[in-house]
Amino acid sequence: QVQLVESGGELVQAGDSLRLSCAASGRTFSSYPMGWFRQAPGKEREFVAAISSRGSTPSYADSVKDRFTISRDNAKNTVFLQMNSLKPEDTAVYYCAASRFFVARRARDYDYWGQGTQVTVSS
C-alpha cells in the first residue's frame with residue numbers, strides 16, 4: 001500500500017507557473033505508475049497526466065499538453081507536475097494517484113489517492 005500527500009497548490013495569476021509535488025510513503029513507490037487528476041467545482045474528476053514507474057512514456061490530456069510536464073524522482077518517492085502558462089480553466093483541486101498495474105487515463109484504474117491540493121488561477 002502507498003500513501004500520497006500533495007502539496008504546492010496556491011492562488012496564482014493567469015500566465016504564471018506552479019509546481020505540484022506528491023510525496024509517497026512506502027518502499028515500493030518506484031513500482032507504481034503515477035497519475036495526476038483534477039476536479040473543478042461541479043465537474044467530474046478528469047485526467048491530467050500520467051507517467052510510468054520508471055519515469056518514461058508520459059501521457060497528457062489535450063487541454064494541458066505543451067503546458068504541463070509530469071516527472072518523478074523515485075529516489076525521493078515523489079512525483080511532480082510542472083504547470084506553465086496557467087489559465088483560469090486550470091482552477092481545480094489536483095490529485096495524485098498510484099496504479100498497481102499500468103499507466104492509465106481513467107480514474108477507476110488507480111488504486112491509491114491523495115487528498116488533493118487546491119490550484120486557483122485568477123484572470
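Strands E1 and E3 (residues 18-24) pair in the antiparallel sense over four bridges. They belong to an open sheet of four strands. The whole structure also holds five salt bridges and six aromatic pairs. This is a predicted model: local features need pLDDT of at least 70, side-chain atom pairs count only at pLDDT 80 or more, and totals for chains, interfaces and linings use all residues. Residues are numbered from 1 along each chain as its sequence is written, and side-chain values use heavy atoms, with hydrogens and water left out.

**The open sheet**

- The strand order is E1-E3-E8-E7, and the pairing is antiparallel. Strands pair here if DSSP finds at least two bridges between them. Strands (E, at least two residues) are DSSP runs, numbered from the N terminus.
- E1 (4-7) and E7 (68-73) stand at the edges. Each has a single partner strand, so one side of each is left without a neighbour in the sheet.
- From one strand to the next, the twist averages 15°. Axes for such angles are lines fitted to C-alpha atoms, and angles run from 0 to 180 degrees between N-to-C directions.
- Two bridge partners in E3 can be named: Cys 22 for Glu 6, and Ala 23 for Val 5.
- Side chains alternate along E1. Leu 4 and Glu 6 point to one face and are buried.
- Buried means under 20% relative accessible area, exposed means over 50%, and partly exposed lies in between (1.4 Å probe, protein chains only).

**The salt-bridge network around Arg 38**

- A salt bridge puts a side-chain nitrogen of Lys or Arg within 4 Å of a carboxyl oxygen of Asp or Glu.
- Arg 38, Glu 46, Arg 67 and Asp 90 are linked in a network of salt bridges.
- Arg 38 sits in strand E4. Its relative accessibility is 6%, so Arg 38 counts as buried.
- In the salt bridge between Arg 38 and Glu 46, the closest N and O atoms are 2.6 Å apart. Glu 46 has 34% relative accessibility and counts as partly exposed.
- The side chain of Arg 38 also makes a polar contact of 2.9 Å with the side chain of Asp 90. A polar contact is a pair of N or O atoms within 3.5 Å; within protein, one must be able to donate a hydrogen and the other to accept it, and residues adjacent in sequence count only if both atoms are side-chain atoms.

- Arg 100 and Asp 111 meet through their side chains in a salt bridge (3.4 Å, N to O). Both lie in the loop between strand E9 (92-98) and strand E10 (112-113), 11 residues apart.
- Both partners are partly exposed: Arg 100 at 46% relative accessibility, Asp 111 with a relative accessible area of 29%.
- Asp 109 forms a salt bridge with Arg 106, with the closest N and O atoms 2.9 Å apart. Asp 109 is buried at 16%, whereas Arg 106 is partly exposed at 43%.

**Aromatic pairs and charges over rings**

- Rings of Phe, Tyr and Trp (its six-membered ring) pair if their centres lie within 6.5 Å. Planes under 30 degrees apart count as stacked, over 60 as edge-to-face and the rest as tilted.
- Phe 37 and Trp 113 form a tilted pair, 5.1 Å centre to centre with 55° between the planes. Phe 37 lies in strand E4 (residues 34-39) and Trp 113 in strand E10, so the pair ties together parts that are 76 residues apart in sequence.
- Phe 37 is buried at 1% relative accessibility, while Trp 113 is partly exposed at 26%.
- Tyr 110 and Trp 113 form an edge-to-face pair, 6.2 Å centre to centre with 65° between the planes. Tyr 110 is buried, with a relative accessible area of 5%.
- Ring pairs link Phe 37, Phe 47, Tyr 95, Tyr 110 and Trp 113 into a cluster.
- Arg 45 lies over the face of Trp 113, at 4.8 Å from the ring centre. Arg 72 lies over the face of Phe 29, at 4.5 Å from the ring centre.
- A charge sits over a ring if NZ of Lys or CZ of Arg is within 6 Å of the ring centre and within 35 degrees of the ring normal.
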